[in-house]
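Hi,

Here is the model I promised to pass on. Have a look at it first, and my notes follow below.

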Amino acid sequence: MSSHTVEPSLPPTSGNLESPVLGAQLERAARPPTSRFPHRLAELVDTHALTLLRATVGIVFVGFGVLKLFPSASPAEQLAVDAATKMTLGLVPETVLLISLAALETAIGIGLIVGRRLLRPALVAFFLHMGGVFSTLFLLPDAMWQPHSPAPTMEGQYVVKNVVLVAVCLVVAAHEWSHGGSRRSRGR
């Protein structure tokens with residue numbers, strides 16, 4: 001009995017072994033099959049990272065905005081109304097405030113999801129809205145902070161966690177405002 005092993009063959013080279021394209025092909029061919037999936041997933045996420053960030057924050061905003069359209073459906077409803085009432089000095093009825101907040105958050109979310117011409121106005125509205133959100137930490141200190149402690153209450157934590165959304169939108173805005181203008185000027 002004789003055994004015969006077959007070794008995998010690489011694609012024929014067209015001369016230049018230092019070619020970046022050939023090097024990438026050789027690297028992919030040499031990689032075991034199990035490492036290809038995470039690598040391709042990482043490339044896909046990297047390619048679409050800004051869109052992914054934009055869309056996920058947009059989905060969160062649409063979800064929370066729509067919740068405010070249904071009485072008592074949003075856990076932040078009363079907190080939002082109390083803060084907005086203080087900001088408007090009690091001159092705007094609570095139902096108008098709640099519907100306005102619902103519309104604003106939904107519009108911001110749609111703008112982030114759709115992008116294009118809606119992205120810049122959505123980002124401006126987002127940052128203005130976050131200014132209002134974070135002002136609750138000062139406007140409603142009894143609701144935001146535990147007595148005799150610098151620790152936030154559950155409601156305070158609900159507000160503070162928005163720093164993550166702000167960070168995401170800062171990244172999106174930085175990309176949009178630094179690269180957006182160059183795309184427009186090239187198209188003229």
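How far apart should the ends of α5 be at 1.5 Å a residue? The 21 residues of α5 should span 30 Å, and its end C-alpha atoms are 30 Å apart, which agrees (expected span is 1.5 Å times one less than the number of residues). Helices here are DSSP runs of H or I, at least four residues, numbered from the N terminus.

Before the rest, some housekeeping: this is a predicted model, where local features need pLDDT of at least 70 and side-chain atom pairs count only at pLDDT 80 or more, while totals for chains, interfaces and linings use all residues. Residues are numbered from 1 along each chain as its sequence is written, and side-chain values use heavy atoms, leaving out hydrogens and water.

Now the neighbour. α6 (residues 119–139) also has 21 residues, reaching 30 Å from first C-alpha to last, close to the 30 Å expected. The axes of α5 (residues 94–114) and α6 come within 8 Å and cross at roughly 135° (lines fitted to C-alpha atoms over the stretch in contact, with angles from 0 to 180 degrees between N-to-C directions).

On the α5 side, the contact (heavy atoms within 4.5 Å) includes L101, L104, E105 and I108; on α6, L119, A122 and F126 are among the residues involved.

As for burial (under 20% relative accessible area, 1.4 Å probe, protein chains only), L101, E105 and I108 are among the buried residues of α5, and L119, A122 and F126 are among those of α6.

Finally, α5 is followed by G115, whose phi is positive, near 75°.

Cheers

Key: Helix = DSSP H or I, 4+ residues; strand = E, 2+ residues; numbered from the N terminus. Buried < 20%, exposed > 50% of the residue type's maximum accessible area, 1.4 Å probe, protein only.
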